[in-house]
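This report goes through one structure, part by part. Please look over the sequence and the model before reading on.

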Amino acid sequence: MTDLSVDVVVIGGGATGAGVARDVAMRGLSVVLVDRADLGQGTTGRYHGLLHSGGRYVISDPESARECAEENAIITRIHTDAVEQTGGLFVVTPEDSEEYSEGFMAGAAKAHMPAEEITIAQALSREPRLHKGTKRAFAVLDGTVDGWAMVWGAVESAKEHGATVLTYHEVDRIHRVGDRVTAVECVDRKAGGRITIDCRFVINAGGPWAGRIAGFAGCHDVDVVPGRGIMIAMNHRLVNSVVNRCIYPADGDILVPVHTVSIIGTTDVKADDPDNLPIPRNEVQQMLDSGAAMIDGFREARAVHAWSGARPLVKDNRVKATDTRHMSRGMSVLDHLERDDLHGLLTITGGKLTTYRLMAKRIVDIMCEQLGEDRPCTTDQEPVPTSRKTHNYKVTHRLEERDHQFQEDQIICECELMSRQMFTELAEENPDATLDDLRRRLRLGMGPCQGGFCSTRAAGLLCTNGIQDSAGATLELREFMKHRWMGLWPILAGAQVRQTALDEWIMRGTLDIDHAPGDENPPERYPVGVPADSEAVEVAR
Amino acid sequence: MRDVMVIGAGLSGLLAAIRLRQAGLSVALVHKGRGGLQLGQGTVDVLGYRPQRVARPLDELDEFLADQHRASDIAHPYAHTGADAIREGVGYLAELLGEDYLVGDAEVNVALPTAVGALRPTAYYPPSMADGVVSLDPAKPGALRAGSAVVVVGIREFKDFTPELIAGNLALNDLPGGGRLEARADWVSFPARDGEVDSTGLNIARALDDPARRGALVDQLKALGRPGETIALPAVLGHEDPTAFADLRSQVGSPLFEIPVPPPGVPGMRLNDRLTRIAKEARVEVFLGSNVLGADSAGGVLQAGVVGTTGHDTHLKARAFLLAAGGFESGTLELDSYQKVSETILGLPLAIPAGELIHDTWAGQQPLFSVGVATNDDMVVVDPATGEPVYSNLYAAGGVLAGAQRWDEKSGEGIAVASAVRAADAIISNLAGGQR
């Protein structure tokens, strides 16, 4: 049975897939974007939030550096709501040799990337917490980007141009007739049931899962090596601009101020399964040590949350598979026509969040050529619908909004200044959304209390607004706290332990959440990475 | 020189200070901030779960402790205090406060509705919660029983209490004697201050201290209540005026009770204020806002507590010391970024359970929160490695003690009062002995 019929199906709702869907839609083709979970729930959402100036690549990969510099300017312009123009520094810490920094300015000039060396006094006046022993500092145009806001912006734009977006739809079959892809079949994880989408072309933007997806079309041995990296959000903005260690790219070499926190990252370890990414204690310690090289007193600062993401890197025979850092960081396109004699399928992996638009343009160009369509890319021309205002995001913007409505609306999440109206509007627009889905767009529970106060209020609002009954809202509350805990327990120390004690006191002591109606320890409702014909899906039906 | 220096002004510190003072000893009560009472819900828990719900806490204590002993290498505080000290402590507290502040029975638990609609066991509760009591003894029905009708009423300006969530869940609980409650939700509006849409519970409680402000709430409650219904409101019905609740209830003219909400917990603050007043009237010397930075000792005896005061440190001498400063929630216990646990005031050795301190599932009973100081049966702090006193005149009580999972067990106040009374009595007897 056919439920939908379009020109193109894009599989994967991360930055790459969202960018491709937007690009395809803007070229006037009909498109459906599917993801097995929410948008930006994979690698895109498990990111430190850097919008590259190109500085990271001036020496190792000048071509990447030039691309980053160009795309940075475009993304800043078309995604004003997602991008904060923080600026950035490359610093030589007391623990680093000055050798790498010798070539920095020359590399920047070659890549046409704006950069200047500033004095240590100037660097300290910009970032007073910088280590006092900092040896050199270069100012660049790094920015920060909220990956979720960017993806949702791109998707809203795609929808405006006619795209259909199906989240929580997991592809488990790609139909082919002879040497041609004809349709994609998915399981609807929330509502249950299956749908089939007829199409002329499929773009596989499954990131670390792209190999498995290509397999559904009978294209085997697409080897995507997940490079796992952990990131830790520190309470407060320890810095107000991006601080990079001016060394060959290494672990824990960057501290990024995003919204109300600053994020240190990252490690790079080959992972076997992108659905099972641990946050090992030794890597947490490594991040804290690296932070201490850049920032005085870093270890005494408060870590509020950690997460683990998987870079999708296609295996490259030039280096050992276990050493993902030295693989190509550029995008990699697998042309299945050339590789497998199959018409109508392209796989795209790799790349950087900063260059997501450029990657989309390149792969859609290839697709158009194969389809014999002459349709130019226009994605750099217009801001996405969520960005049609003049100014870029600033960390103070919610405070400013609050100033205008503090006598009209309640603050549900004090840490992130999320108001009752923001929450109820989005929840009513998306009645299927879990609290975790809403969190990614509203930052609910992402501040210091990690849901201790706000999650019960949010669950209550779902009930008050008739979106959930009390048992459903209680389930949401439990699941939300369980998910927060995954990123809390590996980093618990100092003041965050004290907060956790208070949260436990409230949740278990005062509310007695463990004995409220419903399953005390409910199974995951929308598990990712579970084969579609498994028991979990049967239950969901 | 004081007889006793008590560190911490939560339930255990306040209660011990009063008891010591009433025995004629001079007491300095030194504390950094307001104590933990205001974080709690104003009830006195003795033992609520082991892990099944406990109906008669003292009768079930031996079995609970036997299970604990099998499961952990660290003794539970109740293993030191025993049931007698719990009886003594809870009785002493109830007598100090009087029936306007606490009612109940240490022998028998009741269940009270929570702000997510669970039925939570406890032993003593403020009279403002009496109309919400569900009995755990099928022979003696409580105020709420099968078929009772409850209207849970939210206040629009107060966000920590959602009547739809609470009423919906309340009606889903199977009552201990069978049957269920009937519950529905409704709302009133009560701006604590003119134009205020986002009020803390404390602000609303303060507004209701003013008798002239109560009418607006009473009128709305009378209009929405149906005959035979019990009204449930967030626990914000008056802060300093102890008659505020009774006045509201009599004006509304139906059964009415408070449900505790997350901090600031007004019922806990009422107890805190009352106990602080009793302590001050008994002439306990209260040093508020004072950090204890360390101590002087000689020959295994503590000599003086070092108190951070303006301009210089004050060495406050005493003959005995009671550490009642709470656990991780107050900052007395700390886990550093290298995963090392320490006691931050006196640097005491800690009893730490074997194995991982934090497990990866959000399921309560985190071993970390059972870390604390070990004591003997007199509540003298001992080195867990040797069992020997760290200092001969240092005692501990309350949340700093090792071995409990207070929030899961619902045992926090019981431990606080039992250990406070046990420690105070040991100090009284030892100092009297020393004088002879």
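## The interface between the chains

Contact means heavy atoms within 4.5 Å. By that rule, 58 residues from chain B and 53 residues from chain A take part in the contact. The model is a predicted one, in which local features need pLDDT of at least 70 and side-chain atom pairs count only at pLDDT 80 or more, while totals for chains, interfaces and linings use all residues. Residues are numbered from 1 along each chain as its sequence is written, chains are lettered from A and ligands numbered from 1 in the order in which they are written, and side-chain values use heavy atoms, with hydrogens and water left out.

The size of an interface is often given as the accessible area lost when the parts come together. Here buried area is the accessible area (1.4 Å probe) that two parts lose on being put together, summed over both. Between chain B and chain A this area is about 4700 Å², and carbon and sulfur atoms give 61% of it. On the side of chain B, the residues that lose the most area to chain A are B:Lys159, B:Trp362 and B:Trp407, together 20% of what that side buries.

## Polar and charged pairs across the interface

A polar contact is a pair of N or O atoms within 3.5 Å; within protein, one must be able to donate a hydrogen and the other to accept it, and residues adjacent in sequence count only if both atoms are side-chain atoms. Across the interface of chain B and chain A there are 28 residue pairs in polar contact, both residues being at pLDDT 80 or more. Helices (H or I, at least four residues) and strands (E, at least two) are DSSP runs, numbered from the N terminus. Strand E5 (119-122), helix H4 (163-170) and helix H9 (406-409) of chain B each supply at least two residues of the side that touches chain A. H4(B) gives the most to that side, with four residues.

Ala, Val, Leu, Ile, Met, Phe, Trp, Tyr, Cys and Pro count as nonpolar, Asp, Glu, Lys and Arg as charged, and the others, Gly among them, as polar. The side of chain B that touches chain A divides into 26 nonpolar, 18 polar and 14 charged residues. A salt bridge is a side-chain nitrogen of Lys or Arg within 4 Å of a carboxyl oxygen of Asp or Glu. The rule finds six salt bridges across the interface of chain B and chain A. A salt bridge joins A:Arg457 and B:Asp160, with the closest N and O atoms 2.7 Å apart.

## Salt bridges in chain A

Over all chains, the structure holds 71 salt bridges. Side chains of opposite charge can pair when their charged atoms come close. In chain A, A:Glu416 forms a salt bridge with A:Arg443, the closest N and O atoms lying 3.1 Å apart. This pair links distant parts of the chain, 27 residues apart: A:Glu416 is in the loop between strand E21 (411-413) and strand E22 (418-419), and A:Arg443 is in the loop between helix H13 (435-442) and helix H14 (454-464). Buried means under 20% relative accessible area, exposed over 50%, and partly exposed in between (1.4 Å probe, protein chains only). Both A:Glu416 and A:Arg443 are buried.

A:Asp514 and A:Arg508 form a salt bridge with the closest N and O atoms 2.7 Å apart. A:Asp514 is buried, at a relative accessible area of 13%, and A:Arg508 is buried at 1%. In the salt bridge of A:Glu382 with A:Arg388, the closest N and O atoms are 3.9 Å apart. A:Glu382 is partly exposed at 25% relative accessibility, and A:Arg388 is partly exposed at 47%. A network of salt bridges links A:Asp38, A:Lys190, A:Asp436, A:Asp437, A:Arg439 and A:Arg440.

## Helix H1 of chain A

Twelve of the twelve residues of H1(A) are buried, so this helix is largely enclosed by the rest of the structure. Among them are A:Ala15, A:Arg22, A:Asp23 and A:Met26. A:Gly28, which follows H1(A), has a positive phi, near 90°.

## Two loop residues of chain B

B:Arg50 is found in the loop between strand E2 (27-31) and helix H2 (61-71) of chain B. At 13% relative accessibility, B:Arg50 is buried. Its side chain and that of B:Glu60 are joined by a polar contact of 2.7 Å. Not counting residues up to four places away in sequence, B:Arg50 touches B:Glu60, B:Glu63, B:Phe64 and B:Asp67.

B:Asp73 lies in the loop between H2 and helix H3 (77-97) of chain B. B:Asp73 is exposed, at 59% relative accessibility. Although B:Asp73 and B:Pro353 are 280 residues apart along the chain, their C-alpha atoms are separated by 6.7 Å. B:Asp73 touches B:Pro353 and B:Ala354, again not counting residues up to four places away in sequence.
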